[in-house]
Amino acid sequence: MDTSDFNFVFLGQSVLKYQVPLDVFNTINHIYETKYPELKPANKQLVGKIEKEHSLFFNGDANPRMTKHNLLPNNVLNWFQQKFSQYLDYNKIKSSNSKLNSIWINQMIEHEYNPVHVHQGSLFTGLSSVMILKLPESYGVEYSAL
């Protein structure tokens, strides 16, 4: 297995850290910035205490909180699916029913947070990823350094 495109970190479970291709990164940012009014709110679907949570892709079972939709092009969806498959292979997890379920954006501001939670799917556990799209210029005073 080629492992040249990620770094391995162990934090109680395996974490693979990737450099996101610029076209994937730019596409997600562009969709968020230009189609914001069309994005479905994802707050009722997610556990975060975040006002601006919006869905870009949902392929789960339709429910009162969310219906199927997709605003992402195939190259972005394929990139995510390839990375999840690589994670399963790297950790020797055999699965023939891996399915990309949802992709959303959390636009967090001061005092908002995402609590500790788990993701579950048809595997014994769900796979999750985090992609940082933009960072604030300052995080404020670091109180532990005073």
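Patches are made of residues with over 30% relative accessible area and no salt bridge, with like charges joined within 9 Å and nonpolar side chains (Val, Leu, Ile, Met, Phe, Trp, Tyr) joined within 5 Å. A salt bridge is a side-chain nitrogen of Lys or Arg within 4 Å of a carboxyl oxygen of Asp or Glu. Accessible areas come from the Shrake-Rupley method with a 1.4 Å probe, and for residues only the protein chains shown count as cover.

This is a predicted model, in which local features need pLDDT of at least 70 and side-chain atom pairs count only at pLDDT 80 or more, while totals for chains, interfaces and linings use all residues. Residues are numbered from 1 along each chain as its sequence is written, and side-chain values use heavy atoms, with hydrogens and water left out.

**View 1. Overall fold of the protein.** Two helices and six strands are present (DSSP runs numbered from the N terminus: helices are H or I of at least four residues, strands are E of at least two). Their order along the sequence is β-β-α-β-β-β-α-β. The C-alpha atoms fill a box of roughly 45 × 45 × 30 Å along the principal axes. Of the contacts (heavy atoms within 4.5 Å) with a separation of 6 or more, 60% join residues 24 or more positions apart. The accessible surface is about 10,500 Å², and carbon and sulfur atoms account for 53% of it. Of the 146 residues, 27% are buried (under 20% relative accessible area; exposed is over 50% and partly exposed in between, with a 1.4 Å probe and protein chains only).

**View 2. The largest nonpolar core.** A nonpolar core is a set of buried Ala, Val, Leu, Ile, Met, Phe, Trp, Tyr and Cys residues joined through side-chain atoms within 4.5 Å. The largest one has 23 residues, of which I28, L56, L72, F80, L100 and I103 touch the most other members. Two or more residues come from each of β2 (14–18), α1 (22–34), β4 (52–58), α2 (74–90) and β6. Helix α2 gives the most, with seven residues.

**View 3. Surroundings of F80.** Not counting residues up to four places away in sequence, F80 touches I28, L100, I103, S129 and M131.

**View 4. N29 in helix α1.** N29 lies in helix α1 and is buried, because its relative accessible area is 10%. Beyond its neighbours within four places in sequence, N29 contacts L133 and K134.

**View 5. A nonpolar surface patch.** V130, I132, L135 and Y139 make a nonpolar patch of about 510 Å². Y139 is in the segment after β6 (102–107). Y139 counts as exposed because its relative accessible area is 63%.
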